[in-house]
Amino acid sequence: MHQRTSPPTEPTPTAGRRRFARKALLAASALGVVAALMAPVRAGAAPAPASPTAATPLAANGQLSVCGRQLCNASGRAVALNGMSTHGTQWYAQCVTGGSLDALAQDWRADVLRVSTYVQEGGYETDPAGFTARAQKFVDAAHARGMYAVIDWHMLSPGDPNANLSRAKTFFTAMAKKYRNHPGVLYEIANEPSGVSWSGIKSYAEQIIPVIRAQDPDSVVLVGTRAWSSFGVSEGSDESEVVNNPVNASNIMYTFHFYAASHRGEYLRTLDRASDELPVFVTEFGMQNYSGDGANDFAMSQRYVDLMKRKKISWTNWNYSDDHRSGAVFKTGTCDGSTWTGTGVLKEAGVWIRDRIRQ
């Protein structure tokens, strides 16, 4: 979960650098509209497939909401979404294609795709309209395949989300306006705050959430926590600062990120304690070190997965690309081809996480 440079040819992942309303019927109807309206797009984008069936996660669960400390479906039943996060779409849009998303939805049986729009590092700030359109294209493609989409405002450096407050208001106004009648989105408003107090993050959240609610009053909002979304652990604090001073808003969850080879027992215990007190969504994790690279620690990762399964904590894994790092699930060069299914195109981490999603 830490500072890093990210040249376009070799980006570092966000990698924790130490780091109801609308019913299922509405969901299915909205999905049909999305699939019918999406036109084919150039290579690297994601054209829609045939309309999803009622068996898809989105059609089955409909509008999500926060009930107590759980994420619940339109019937009020606690659910846990499992899926993948894209890498930065300024670098790896070619990995988010019709074929790759078909594989994620059908072969991997994922419930959710996290669409990561970096703010800096060659991302949103360089072309706000273009990156907004790209995010919407990928969200639409996830919906058309019956998956939920996490709209990730991937602020990383600077670590204070208030530095991008104006940009965030513009981005989330556009996104919430487009998806105000769609049950398939969750809004992650600050990826990994760092070097900023919880009160600063809370202030940011209490300015951005009303922007989203003005357009889309029903969807779940995901709030980043201090120290690279570690509930403050990576900067010497813990979840108590959030428990004692929660964001003044309803229908929200707090995010937690971990990288199992770096983030050991203290982080696992923090996730356990925090999820006893707060609604938590693990929007990013890896089996490697905090840079999303190095040896996989599957034993420690399984301890986290077991905890999240037991407590019905939703998660998305970093990342669905062919970056050279061990945390990218596809072998290098896969995104230049057309084969996405099965395990032959996957690195060791990809085989492992695909199996966990399919369970």
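**Rings, a strand and a pocket**

Modeller: Let's start with the rings: the count comes to 18 aromatic pairs, where rings of Phe, Tyr and Trp (its six-membered ring) pair if their centres lie within 6.5 Å. Bear in mind that this is a predicted model, where local features need pLDDT of at least 70 and side-chain atom pairs count only at pLDDT 80 or more, while totals for chains, interfaces and linings use all residues. Residues are numbered from 1 along each chain as its sequence is written, and side-chain values use heavy atoms, with hydrogens and water left out.

Biologist: Why is the pair of W108 and Y320 called edge-to-face?

Modeller: Planes under 30 degrees apart count as stacked, over 60 as edge-to-face and the rest as tilted. The centres of W108 and Y320 are 5.4 Å apart and the planes sit at 85 degrees, so the pair is edge-to-face.

Biologist: What makes this pair a tie between parts of the chain?

Modeller: W108 is in the loop between helix 3 (98–107) and strand 4 (112–118), and Y320 in the loop between strand 10 (315–318) and helix 11 (348–358), so the pair ties together parts 212 residues apart in sequence. Helices (H or I, at least four residues) and strands (E, at least two) are DSSP runs, numbered from the N terminus.

Biologist: How do you know whether Y320 is buried or exposed?

Modeller: Buried means under 20% relative accessible area, exposed over 50%, partly exposed in between (1.4 Å probe, protein chains only). Y320 has 2% relative accessibility, so it counts as buried. W108 is buried too, at 0%.

Biologist: Why is strand 8 (residues 252–259) described as largely enclosed?

Modeller: 8 of its 8 residues are buried, so the rest of the structure largely encloses it. Both faces are covered: I252, Y254, F256 and F258 are buried on one side, and M253, T255, H257 and Y259 on the other.

Biologist: What makes strand 8 and strand 9 (residues 280–286) a pair?

Modeller: Two strands pair if DSSP finds at least two bridges between them, and here 5 bridges join these parallel strands. Strand 7 (residues 220–223) also runs parallel to strand 8, with 3 bridges.

Biologist: Back to rings: which residues form one aromatic cluster?

Modeller: F231, F256, F258, F285, Y304 and W315 do.

Biologist: What makes up the lining of the largest pocket?

Modeller: The lining has 6 nonpolar, 3 polar and 6 charged residues. Here Ala, Val, Leu, Ile, Met, Phe, Trp, Tyr, Cys and Pro count as nonpolar, Asp, Glu, Lys and Arg as charged, and the others, Gly among them, as polar.
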